Amino acid sequence: MRPTSSSNAPRVLVAGGSRGIGLAIAHAFATTGANLSICARGAQALQQATRKLQQAGAATVHSQPCDLADPAQITHWVDAAANALGGIDIVINNASGFGNGNDDASWQAGFDVDLMAAVRTNRDALPYLRHSAQPAILNVSSINASVPTPRAAAYSTAKAALNYYTVSLATELARERIRVNAIAPGSIEFPGGLWDRRRSDEPALYAQIRDRIPFGGFGNAEDVAAAALFLCSPQARWITGQILAVDGGQSLPATAV
């Protein structure tokens with residue numbers, strides 16, 4: 001049965017929305033009564049996330065397994081989401097291939113998921129966004145795009161490309177009043193995430209990075225979600241082509257690592 005969406009609430013797609021930052025962003029929208037569609041590779045995680053979003057107050061929750069490295073699966077998800085929600089107002093590209101190595105697979109993952117998944121999702125969503133009264137695209141980048149780290153060259157390079165793409169797409173779509181922005185989180189800790197694992201696996205590195213963040217520790221996924229909610233809201237109607245760092249001062253020149 002097709003879900004019944006609320007016509008007065010925004011229709012929001014969150015790629016990579018089953019955990020971490022993506023789930024926190026979806027949850028923030030759910031608390032406003034938004035209509036949501038999330039995708040990720042794992043069906044079980046999607047089911048758990050769907051229940052959480054429904055409990056948080058989402059008007060509609062559509063979810064679909066999707067390998068964001070596969071163009072055909074992206075198209076299938078976007079079209080199914082638009083059908084379930086009755087259109088698309090907001091697209092949030094949060095997925096990452098986490099290319100932290102220097103092998104070809106790491107570089108390819110960065111290209112396929114961090115960059116091209118956003119390109120393809122936005123391209124497939126544009127016909128729907130053009131029918132929206134308040135269309136917005138938000139790409140989730142990283143401060144590593146502008147503050148290189150020796151631990152993740154492939155990831156950082158992919159995010160730098162995502163930033164350039166964000167500004168380029170914003171320029172292309174500005175006359176259509178389709179806003180395109182990006183958020184660049186710093187080191188964010190959440191259950192099962194990179195810094196949660198490093199706390200036990202690499203405690204010295206964990207402490208080093210934590211102690212160099214001016215605000216006194218790692219951020220959490222809800223910090224990023226609050227910024228995402230603002231940038232996609234009518235309150236940000238005059239903002240496009242911007243990359244907003246959400247990092248507790250981590251990317252300030254005196255503290256960059």
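**View 1. Arg 198, a buried residue in helix α6.** At 12% relative accessibility, Arg 198 counts as buried, a word used for anything under 20% relative accessible area, with over 50% called exposed and the range in between partly exposed (1.4 Å probe, protein chains only). This arginine sits in helix α6, residues 194-201. Helices (H or I, at least four residues) and strands (E, at least two) are DSSP runs, numbered from the N terminus. Setting aside neighbours within four places in sequence, Arg 198 is in contact with Arg 151, Pro 203, Leu 205 and Tyr 206, where contact stands for heavy atoms within 4.5 Å.

A word about the model before we go on. This is a predicted model, in which local features need pLDDT of at least 70 and side-chain atom pairs count only at pLDDT 80 or more, while totals for chains, interfaces and linings use all residues. Residues are numbered from 1 along each chain as its sequence is written, and side-chain values use heavy atoms, with hydrogens and water left out.

View 2. How many aromatic pairs does the count come to? The count comes to 1, using the rule that rings of Phe, Tyr and Trp (its six-membered ring) pair if their centres lie within 6.5 Å, with planes under 30 degrees apart called stacked, over 60 edge-to-face and the rest tilted. Tyr 206 and Phe 218 make a tilted pair, 4.8 Å from centre to centre and with 45° between the planes. Tyr 206 belongs to helix α7 (residues 203-212) and Phe 218 to the loop between α7 and α8, so the pair ties together parts that are 12 residues apart in sequence. Both Tyr 206 and Phe 218 are buried.

**View 3. Helices α3 and α4 packed together.** Helix α3 (residues 71-85) and helix α4 (residues 104-129) pack at an angle of about 35°, and their axes are 9 Å apart. Here axes are lines fitted to C-alpha atoms, for helices over the stretch in contact, and angles run from 0 to 180 degrees between N-to-C directions. On the α3 side, look for contact residues including Ile 74, Trp 77 and Val 78; on the α4 side, Ala 117, Arg 120 and Tyr 128 are among them. Sorted by class, the contact has 8 nonpolar, 2 polar and 3 charged residues. Ala, Val, Leu, Ile, Met, Phe, Trp, Tyr, Cys and Pro count as nonpolar, Asp, Glu, Lys and Arg as charged, and the others, Gly among them, as polar.

**View 4. The largest nonpolar core.** This core has 35 residues, and those with the most contacts inside it are Val 12, Ile 25, Phe 29, Leu 36, Leu 53, Ile 92 and Ile 183. A nonpolar core is a set of buried Ala, Val, Leu, Ile, Met, Phe, Trp, Tyr and Cys residues joined through side-chain atoms within 4.5 Å. Helix α1 gives the largest share, 8 residues. Leu 53 touches Leu 23, Ala 26, His 27, Ala 30, Leu 36, Ile 38, Ala 58 and Val 61, not counting residues up to four places away in sequence. A second, separate core of 31 residues includes Leu 68, Trp 77, Val 78 and Leu 129.

**View 5. Ala 160 and Arg 177.** Ala 160 is found in helix α5, residues 153-173. With a relative accessible area of 30%, Ala 160 is partly exposed. Arg 177 is in the loop between α5 and β6 (179-185). Its phi is near 60°, a positive value in a residue other than glycine.
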